[in-house]
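Terms are given with their cut-offs where they come up.

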Amino acid sequence: MLASSYKDEDGHISVSGSGAAAAAGGGSLRNKKPENTAFKQQRLPAWQPILTAGTVLPAFFIIGLIFIPIGIGLYVTSNNIKEIEIDYTGVDMSSPCFNCSQNFSWNSTKSCTCSIPFQLDQPYESNVFMYYGLSNFYQNHRRYVKSRDDSQLNGNEESLRSPSKECEPYARHDNKPIAPCGAIANSMFNDTLELFYNDPNGTKVQVPLTATEIAWWTDKHVKFRNPGGEGSDLAAAFQGTTKPVNWRRPVYELDSDPNNNGFINEDFIVWMRTAALPTFRKLYRIIQRRNNLLPTLPRGNYTLEVVYNYPVRSFEGRKRMILSTISWMGGKNPFLGIAYITVGSICFLLGIVLLIIHHKYGNRNNGADVSH
Amino acid sequence: MVKILYLLDCYPQLYCPGQLNMYFSKKAFVWCMLHSCYSSLVLFFIPWGAIQDTVRDDGRDIADYQSFASLAQTCLLVVVSAQLCLDTYYWTTVNHFFVWGSLAAYFAITFTMYSNGMFLIFTSIFPFIGTARNSLNQPNAWLTMFLTSLLCVLPVVALRFILMQIRPTINDRVRYKMQKDTLPAPPPRRPVRRVSTRRSGYAFSHSQGYGALVTSERFLFKRPIKSRLAFSVQPDGPLARNLPQVFRPIAEELHESQSSKS
């Protein structure tokens, strides 16, 4: 705000207008002069980077030389990951699951099963992860993402009896609160997938699948808690609530293991972590490695047995089962490798182009024509 | 600041970019918009490609909505900090403190917001619990951030370097000269008082500025001396003819004003 006093560059405070009078009595104002330190007089030592050829050109070449090996490493790692995808939606008439996909109704108590044979060309070593994948399923739709009650899922008794408004219209049914409420919980994936290995001598061996350690630790132990505390009877804790409309069983009957029942059921937790993209995969089961001599999944013929409960044909969605090994960079995704190689090469080429430009035009920057 | 002021004294051509509207024109705005569009596309599609159909290194989810948002946001912070570093011309300790401090503050606030404690106290406000811990410990995430920041910053660096080589502006030349030679001693300070607060600031020397508004009766207690508006554009004055202006030494003016009042 402009006042009638000012400070000139020497730090004097003076008052204009009646300047002469104030200057005479200005001895008392002199102690407002700022200190002569480097900080207050803006004389701090400073580094002044400018873009010279000596810094920019080596930087481009170094970045190019770093990125290309990283990209190659990522690409090779991604290619070494083994993965197989089996679509079992049953769109074609020739598909084993075609009948199941046609005769669907929410009220049927008899579940439809189908078997899909497939072959593994290479043995899969170490832990093998089994995922279910959905396509054209927009778990990132805003109204869908908001349709949950985190307090209820954290075991809060009050939210259990009266779910939040965000869960509407999946909050109450038959005059009882729904536990768990919301559209996300209501649309939970409920197919059952089982894997069988066809021995060369004809027997079908079931591949053992573990259903624990598939959700994030923080989700399982902090975010999702059962009401009534640890070790309580879940059926009693959920008394007075009803199951979501599209579920076949209530939430306290999801698994016989009490550590995997209720809200802390890991399949439920994995489903509630909404995916970012319309084509996604979620961890279903883990096939633990047996010992270091035998591969976890040897080469050969396998059968996938599906209990087909989840309807996707109505929105042109697709369901698939994915078996994959894992590396330090995650699943099979060549994008980062290719991106690094591309950016590295472009950087290197750009460095060469800049070198040529600097060689031809670089002398215009001499300050010879800057006069005082 | 002191250095800038006497650079302007030594090389008055440095006023030209401001008067020619080089840095605040429609062309500058269009360049800025193109750069932003490019950066936005990179900041979305590189994380999108990196997390599509992939998982963590222990097989669990990383392609969920919360992790993707967290990754894109962290990429954005890194890119913005890198761009800020490019545009900072004088790096004092204060600059260092605030730039690295702001990055550190971002990570501190993120981890606090996504911590167990915050979730348990304010459950519906902080639903992103565990996201930062579980997604930012993946080498995949850090490689994505590195790629995104370089992809956003390198075109800017390349373009600036090319323009500096082919068409150096007066700023580039002076800066280059400053780095090569030692600076001349600052001119001796004239111990005069200035009535400069009655004029508008030098920042808008390319146009009329706000001199008329500032020196009107709404802001000053004394009657303004209207004839002293040094930055009003005269149609045949030296500024209109694109020549350097000559200013009268201020001491004479103060003498005149004091003599006119008394």
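The sulfur of B:C32 is 9.9 Å from the closest cysteine sulfur, that of B:C37, which is too far for a bond. A disulfide here is a pair of cysteine sulfur atoms within 2.5 Å. B:C37 is likewise in no disulfide. B:C32 counts as partly exposed because its relative accessibility is 46%, and B:C37 is partly exposed at 45%. In these terms, buried means under 20% relative accessible area, exposed means over 50%, and partly exposed lies in between, with a 1.4 Å probe and protein chains only.

The model is predicted: local features need pLDDT of at least 70, side-chain atom pairs count only at pLDDT 80 or more, and totals for chains, interfaces and linings use all residues. Residues are numbered from 1 along each chain as its sequence is written, chains are lettered from A and ligands numbered from 1 in the order in which they are written, and side-chain values use heavy atoms, with hydrogens and water left out.

**Disulfides**

Over all chains, the structure holds three disulfides. They are listed below.

| Pair | S to S distance | S-S torsion and hand |
|---|---|---|
| A:C97 and A:C114 | 2.0 Å | about 90°, right-handed |
| A:C100 and A:C112 | 1.9 Å | -85°, left-handed |
| A:C167 and A:C181 | 2.0 Å | 40°, right-handed |

With bonded cysteines counted along the chain, the disulfides of chain A follow the pattern 1-4, 2-3, 5-6.

A disulfide joins A:C97 to A:C114. A:C97 sits in the loop between β3 (83-87) and α3 (98-102) of chain A, while A:C114 is in strand β4 (residues 112-120), and the two are 17 residues apart. Helices (H or I, at least four residues) and strands (E, at least two) are DSSP runs, numbered from the N terminus. A:C97 is buried at 0% relative accessibility, and A:C114 is buried at 6%.

A second disulfide joins A:C100 to A:C112. A:C100 lies in helix α3 of chain A and A:C112 in strand β4 of chain A, so this pair ties together parts that are twelve residues apart in sequence. A:C100 is buried, with a relative accessible area of 2%, whereas A:C112 counts as partly exposed at 24%.

The remaining pair is A:C167 and A:C181. A:C167 is in the loop between α6 (157-161) and β6 (172-173) of chain A and A:C181 in the loop between β7 (176-177) and α7 (183-186) of chain A, so the link ties together parts 14 residues apart in sequence. Both ends are buried: A:C167 has a relative accessible area of 0% and A:C181 has 2%.

**Salt bridges**

Side chains of opposite charge can pair when their charged atoms come close. A salt bridge is a side-chain nitrogen of Lys or Arg within 4 Å of a carboxyl oxygen of Asp or Glu. A search of the whole structure finds 21 of them over all chains.

A:E85 has two such partners described here. With A:R281, the closest N and O atoms are 3.6 Å apart. A:R281 lies in strand β10 (residues 280-287) of chain A and A:E85 in strand β3 of chain A, so the contact ties together parts that are 196 residues apart in sequence. With A:R320, the closest N and O atoms of A:E85 are 3.1 Å apart. A:R320 is in strand β12 (residues 318-324) of chain A, so that pair spans 235 residues of sequence. A:E85 counts as partly exposed at 40% relative accessibility, while A:R281 is buried at 6% and A:R320 is buried at 7%.

A:D191 forms a salt bridge with A:K319, with 2.7 Å between the closest N and O atoms. A:D191 is buried at 3%, and A:K319 is buried at 0%. Shared partners join A:E83, A:E85, A:R281, A:R320 and B:D53 into one network of salt bridges.

**Second largest pocket**

About 2,000 Å³ of space lies in the second largest pocket. Among its 45 lining residues, the closest to the centre are B:D87, B:Y89, B:V156, B:L159 and B:R160. On a 1 Å grid over the protein atoms alone, a pocket is an open set of points where a 1.4 Å probe fits, with protein on both sides within 12 Å along at least five of seven lines; lining residues have an atom within 4 Å of a point. Grid points are joined across faces, edges and corners, and the volume is the space filled by probe spheres set on the points. α8(B) gives the most to the lining, with eleven residues.
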